[in-house]
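Could you look through this structure with me? I have put together a few numbered points to read alongside it.

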Amino acid sequence: PRSANVIAIKRATLYFVSRTAFDAFGAAHPEIYRHIADLLARRLRDNSATLAMSSLSIKARAARALLSLAEAFGKDVGAGRVLIRQKVSQGDLAAMAGIARENLSRILQDWMEDKVVSRLAGYYCVEHKEALERAADA
């Protein structure tokens, strides 16, 4: 049993490493445990941030999800605009924000009318990053 599911957003090749093989590798390369400790600490921080996010408004959650995508996949296209170079569906973005897709749709409509966010051919563009950051902190 696993505590989470993962969906790849790009084509991926995955491998399975058995516990026996991992233990043998760890015995031969004990420095790997330092990297694992760093990874676990990062995941714990991420989980804490996720828990803190659950107390935010749905608009703040949506803003943080878009800003996270902009940080991970964004390209500055000038004038403070950031193009998110990864196609993301409204359903996936809503899941990232932990809100219903219908609520996300309404929020995006408002932001598009206010020229905070735009969407073209499945790609989001943060038109006004400062406004989105303000929404993320509200």
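1. First, some ground rules. This is a predicted model, in which local features need pLDDT of at least 70, side-chain atom pairs count only at pLDDT 80 or more, and totals for chains, interfaces and linings use all residues. Residues are numbered from 1 along each chain as its sequence is written, and side-chain values use heavy atoms, with hydrogens and water left out.

2. Start with the charged pairs. The structure holds 5 salt bridges (a salt bridge is a side-chain nitrogen of Lys or Arg within 4 Å of a carboxyl oxygen of Asp or Glu). One of them joins arginine 19 and aspartate 23, with 3.6 Å from N to O. These two residues sit 4 residues apart in helix α1 (residues 19-28), so about one helical turn separates them. Helices (H or I, at least four residues) and strands (E, at least two) are DSSP runs, numbered from the N terminus.

3. The cut-offs are under 20% relative accessible area for buried, over 50% for exposed and in between for partly exposed (1.4 Å probe, protein chains only).

4. Another salt bridge links arginine 34 to aspartate 38, whose closest N and O atoms are 3.9 Å apart. Both residues lie in helix α2 (residues 32-53), 4 residues apart, about one turn of the helix. Arginine 34 is exposed at 58%, and aspartate 38 is partly exposed at 30%.

5. Arginine 101 and glutamate 102 also meet through their side chains in a salt bridge, at 3.9 Å from N to O. Arginine 101 is partly exposed, with a relative accessible area of 39%, and glutamate 102 is partly exposed too, with 45%.

6. Now turn to the inside. In soluble globular proteins, nonpolar side chains tend to be buried together. Here the largest nonpolar core has 26 residues, and those with the most contacts inside it are Leu66, Leu93, Trp111 and Leu132. (A nonpolar core is a set of buried Ala, Val, Leu, Ile, Met, Phe, Trp, Tyr and Cys residues joined through side-chain atoms within 4.5 Å.) At least two residues of this core come from each of α3 (58-73), β2 (81-84), α4 (90-97), α5 (101-113), β4 (123-126) and α6 (129-137). The largest share, 7 residues, is supplied by α3.

7. Which residues does leucine 66 touch, leaving aside its neighbours within four places in sequence? Leucine 66 is in contact with Ile84, Leu93, Leu108, Trp111, Val117, Tyr124 and Leu132, where contact means heavy atoms within 4.5 Å.

8. Next, a helix pair. The axes of α3 and α6 are 7 Å apart and the helices pack at an angle of about 135°. That makes α3 oblique to α6, because angles under 35 degrees count as roughly parallel, over 145 as roughly antiparallel, 65 to 115 as roughly perpendicular and the rest as oblique. Axes are lines fitted to C-alpha atoms, for helices over the stretch in contact, and angles run from 0 to 180 degrees between N-to-C directions. Among the residues making the contact are Ala63 and Leu66 of α3 and Leu132 and Ala136 of α6.

9. Finally, two loop residues. Most residues other than glycine have a negative phi. Lysine 115, in the loop between α5 and β3 (117-120), has a positive phi near 60° and is exposed at 62%. Alanine 121, in the loop between β3 and β4, has a positive phi of about 55° and is exposed at 58%.
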